[in-house]
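Work through the exercises below with the structure open beside you, and try each task before reading its solution.

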Amino acid sequence: MQVDQLAAAIQSHPLLNGLARLDRARLLAAAEPCRFADQDLIYQAGQSAQHYYWILDGQVQLSPAAAPVLLSANQGFGNEAFADQLPTPATYLTDARALGDVQAVRVPRGLLGELSGRLPSLKSAALMALATRLGDLPAASITPAAKPATATLPLKQRIGWPTALVLPPCIWWLADQAGLPPQGAVYLGLFSLTALMWLFSLVDEFIPPILAVVAMLFINLVPAEVALHGFYSRTFLLLLGVYALAAVVVSSGLAYRLMLWVLVRLPDSAFWHRAALTLFGFLLSIVMPSSNARLTLLLPLYREMDQSLGARAQGPQASALMIAVFTGATLFSPLLLTAKSSNLAAFTMMPSQIRSEFQGLAWLVGAAVVALGLLATHLLVMRFRFRAEPSRPLPAQRIHAQIRLLGPWRPPEWVAAIAFVVFLLGATIPQWHQSQTAWLAGLILVGLLLMGLFNKGSFKTQIDWPLIFFLLSLDGLTEAMQYLKLDDLMIEAIGGHLQWVNGSLAWFILLALIVTVGLRLVLPLTAGMILAVTLLMPVGLNQGIHPWLVVFLASLFSDIWFMPHQNSALQQAIGAGLHTRCNETAFFHYAWWLNPLRVALAYASIPYWQWLGLY
């Protein structure tokens, strides 16, 4: 089937013709032409509903139902794929059999779920058509629901809850007996409760610091402006602006248009396909403070490349594509201020005069040696370690058809593009607008709200409110530690054991590595990095280490991981087909070899940091 015929079929289909142009372009990439001979069984009742079909030519019979249903050209079937997949996967309710030669198109369930999430009326119309078509099913075809299994707490939580209830009061009592001020002893008890709830995954990650902040306010441990310091700071506005801009870049269709543009402009070779994924990940890192969000946006491009190239499963080409998309989403996290939410949280822990110096491009300049080393290593490995196999060329005709379906640039795309460029320039060269990057982000947020591109629904659903409250509550915990002078007490307590550092950056890098990697073995990435910065910052200041170096080293080493549970982006990649398409041995070897490389590049940066005057 020609691409233009497929595009025309999408536009003429009665159920799908109400889709936006961006959704039609995505549908064109995912839709698969298929043919069936006479009496072929397309699917059977009880099978998992993985595809929705519509007929281009021929006839299909659905049975058994109250009466067999005969479908012809431009009619759809397999509407069960629109149904929710929880608590059990949806299954087909009828057999579907071809009568004569049938030419059809099918769409995978995953894309249908994405479309239905943005357009609930699509799902309603599909399921209503299914109910109307089938009528009452025979009682024998209805499977009684299974009784829900009795919920039990995992062993980790059965150990964690008693520990979290018993150990913090013990720590408070021991601190009080050791002569610590009463407020400091209470704070240590709250802090240990927070860490234990993270360690044993007792509740969602954002809840423990909120619990600690509320407790501090309830007992008047510190003034409200200290406990709620994060909500007083400019970080709040910066986060809102960045999330709003990222959401509009995606929802306007600008991100998808740029991905298609990259595909048709770059040379059609394996190296450039991989480099494009990495480059796009870098661009997204400027405005998206979440590797998971970046990976979500990169995965459609990966799937399109993987499907179009037709590489052998778990071969070098398929493995390299998965590694490239994963690396593009995660590699730049410590290299840009806005690339990782924990960077933004730790940014507020630095002295105000240091914060003004390390906005925008200055952060990347400080990390230049590490950035160049990581990027060069990645590109060399992609070029020489994973040599390309013979593969089909990218379907340029289909990509051009997708671009035609998108049509000319629409006003929301122009606004998103202008806002992205303004924010990029403002974050890179803050001198030209003579204000904080947070105020620029706030201005962009207000503009998007006034123009209706970021509305009430977007404000509720497209901003990661749990993560924002998590970061701002952590800031309050850190500010309370400084207010209670616990950082000074910590230096007094352990200062005698850190004489081996002796103001040497080389030894401090080793200390940062031990502390950060040790915390990351038991804590999630954001919590582990923030706690590492909290512990290392007073030590660094006491040893004469520049505060930005403390934050950067903790950010760099927090990306070191050994076990799958330490990396949430890895879980997302597994869900996207890492097991089936990628050679897992090659993937993990590559990821683990990056760990010692990060440490080596940190030491290689010492002369450069001396030249910059940071040490």
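## Buried pairs and paired strands

Both Asp559 and Lys340 are buried, and the exercises start from these two residues in what is a predicted model.

**Exercise 1.** Find out how Asp559 and Lys340 interact, and which parts of the chain the pair links.

*Solution.* Begin with the side chains: Asp559 forms a salt bridge with Lys340, and the closest N and O atoms are 3.1 Å apart, which is within the 4 Å that a salt bridge requires.

**Exercise 2.** Determine which residues are linked with Glu413 in a network of salt bridges, and decide for each member whether it is buried or partly exposed.

*Solution.* A search of the whole structure finds four salt bridges. In one of them, Arg257 is joined to Glu413, with the closest N and O atoms 2.6 Å apart. Because Arg257 belongs to helix α11 (residues 254-265) and Glu413 to helix α20 (residues 411-428), this pair ties together parts that are 156 residues apart in sequence. The side chain of Glu413 also meets that of Arg410 in a salt bridge, at 3.7 Å from N to O. Taken together, Arg257, Arg410 and Glu413 are linked in a network of salt bridges.

For the second part, compare each residue with the cut-off, under which a residue is buried when its relative accessible area is under 20%. Glu413 has a relative accessibility of 2%, so Glu413 counts as buried, and Arg257 is buried as well. Arg410, in contrast, has a relative accessible area of 26% and is therefore partly exposed.

**Exercise 3.** Identify the strands that are joined to strand β3 by bridges, and state how many bridges there are in each case.

Conventions. Residues numbered from 1 in each chain as written. Predicted model: local features only at pLDDT ≥ 70, side-chain atom pairs only at ≥ 80, totals over all residues. Heavy atoms only, no water. Pairing = 2+ DSSP bridges. Helix = DSSP H or I, 4+ residues; strand = E, 2+ residues; numbered from the N terminus. Buried < 20%, exposed > 50% of the residue type's maximum accessible area, 1.4 Å probe, protein only.
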